Amino acid sequence: MRIAVHGASGFTGGLAVAELVRRGIEPVLVGRNADRLRAAAVASGVPDAEVRVAGLDDSVALTAAFADCVAVVNCAGPFTRWGEPVVRAAIAAGRHYVDTTGEQRYLHRILTEFGKDAEEAGVTVVPAMADDGGPGDLIAALTASRVPEVAEVVIADLRLPGSASRGTARSMASVFEEGPWEFVDGEWIAATEPGPEPIVPPGEAVAVPVSAFALPGVVTIPRHVRTRRVRSAIRTEVAALFSALTSDIVESIPESIARDARQAGRWLMMAEAIGTDGRRARGWVAGSDGYRLTAVIAVEAARRLAAGGAPAGALAPAEAFDAADFLDFLTPEAVTWQVEDLR
Ligand SMILES: NC(=O)c1ccc[n+]([C@@H]2O[C@H](COP(=O)([O-])OP(=O)(O)OC[C@H]3O[C@@H](n4cnc5c(N)ncnc54)[C@H](OP(=O)(O)O)[C@@H]3O)[C@@H](O)[C@H]2O)c1
């Protein structure tokens, strides 16, 4: 089985290539720069892996690069700038598509505008299969299922401040000015409040302030949870770090993060569902090394799509995959997850 990694020369792309190799799946490294792609193949221990050069402005070459692969994992961001040609090429090649975006507007565009083309091509497009969008959507689905009639879902990325790659910082800086959305009564609108009430993160003793922040769940959750409102937030101290990013700061951030530093960080996605009758449920997924998990999640999503069973179209993670089964798949990666009713 061959899976193409577009943006394989980047930090996340390299981790995705390494994950494919670990899983015994043949990687095809796709991108715009042959030297950087070859270096990524060497760094991942597969110097002879196939490298295919195709620029985003060459749809024929990009489509051809994907043609004999079962799926495409796109890691080239900011996706708002570079994502669409890759989605188009994957659909034109008749190949399933996943990516690692966390960018709300791009995600909304792909889910609303590419569904019909994907259906006609018989392929499944699942953007946002990264450590926030994937597990966040899946745990929200499981949490909401505990409440008979859901009035509101809050999705929170409660990871502690830690290292972000230059690519993440670029993507955050490129979307920060757009401001976060919330979902209210069937529409996506600018977030109307600075953020939800402080949250006591699972495993911590004290409530932490959180701020409205543009997470993928606001776009994906309303596709499968019937609810009036969906909001998203991150720790206020992390939001402050992202809001301070200038282009000079972004370009001074290292491209990659060493494994020790990644493993030292705590990663935690939490969903809370509030019922119209006041009933509440909470679910969370926790682990460390969000970047490696992103590679594990994206590769497994592509593998599952290739194995069949998901409907064709542009889908949220919980529309494409069995939520509990997918989260269980992550537990050997030291990921824990839980859903509980709150009084
Ligand atoms: N949501 C999450 O939780 C999460 C987690 C991990 C990553 N991500 C996202 O994944 C993306 C990648 O992050 P990263 O740290 O891996 O970034 P990175 O190291 O900067 O890699 C970016 C990749 O995109 C490629 N690229 C950039 N501009 C391009 C263009 N004009 N045409 C074709 N390819 C282009 C680069 O190719 P060259 O090598 O040729 O420059 C490189 O392969 C970011 O958007 C990040 O936010 C999200």
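Author: Of the 343 residues of the protein chain, 56% count as buried. Buried means under 20% relative accessible area, exposed means over 50%, and partly exposed lies in between, with a 1.4 Å probe and protein chains only. The model is predicted: local features need pLDDT of at least 70, side-chain atom pairs count only at pLDDT 80 or more, and totals for chains, interfaces and linings use all residues. Residues are numbered from 1 along each chain as its sequence is written, and side-chain values use heavy atoms, with hydrogens and water left out.

The protein chain has 16 helices and 15 strands. These are DSSP runs, numbered from the N terminus: helices are H or I with at least four residues, strands are E with at least two. The radius of gyration is 19 Å, close to the 20 Å that the globule rule gives for 343 residues, so the chain is as compact as a globular protein of that length. That radius is taken over C-alpha atoms, and the rule is 2.2 Å times the number of residues to the power 0.38. The C-alpha trace spans about 55 × 45 × 35 Å along its principal axes. Take contacts (heavy atoms within 4.5 Å). Among those between residues at least 6 apart in sequence, 74% join residues at least 24 apart.

Now the rings. Rings of Phe, Tyr and Trp (its six-membered ring) pair if their centres lie within 6.5 Å. Planes under 30 degrees apart count as stacked, over 60 as edge-to-face, and the rest as tilted. The count comes to six aromatic pairs.

Take F79 and Y106. Their ring centres lie 5.6 Å apart with planes at 35 degrees, so this pair is tilted. It links distant parts of the chain: F79 sits in helix α4 (residues 79-82) and Y106 in helix α6 (residues 104-113), 27 residues apart. F79 is buried, at 4% relative accessible area. Y106 is buried too, at 0%.

Next, F326 and F329. Here the ring centres are 6.4 Å apart and the planes stand at 65 degrees, so the pair is edge-to-face. Both residues belong to helix α16 (residues 323-330). They are three residues apart, so about one helical turn separates them. F329 is partly exposed, at 23%. Ring pairs also bring in F321, which forms a cluster with F326 and F329.
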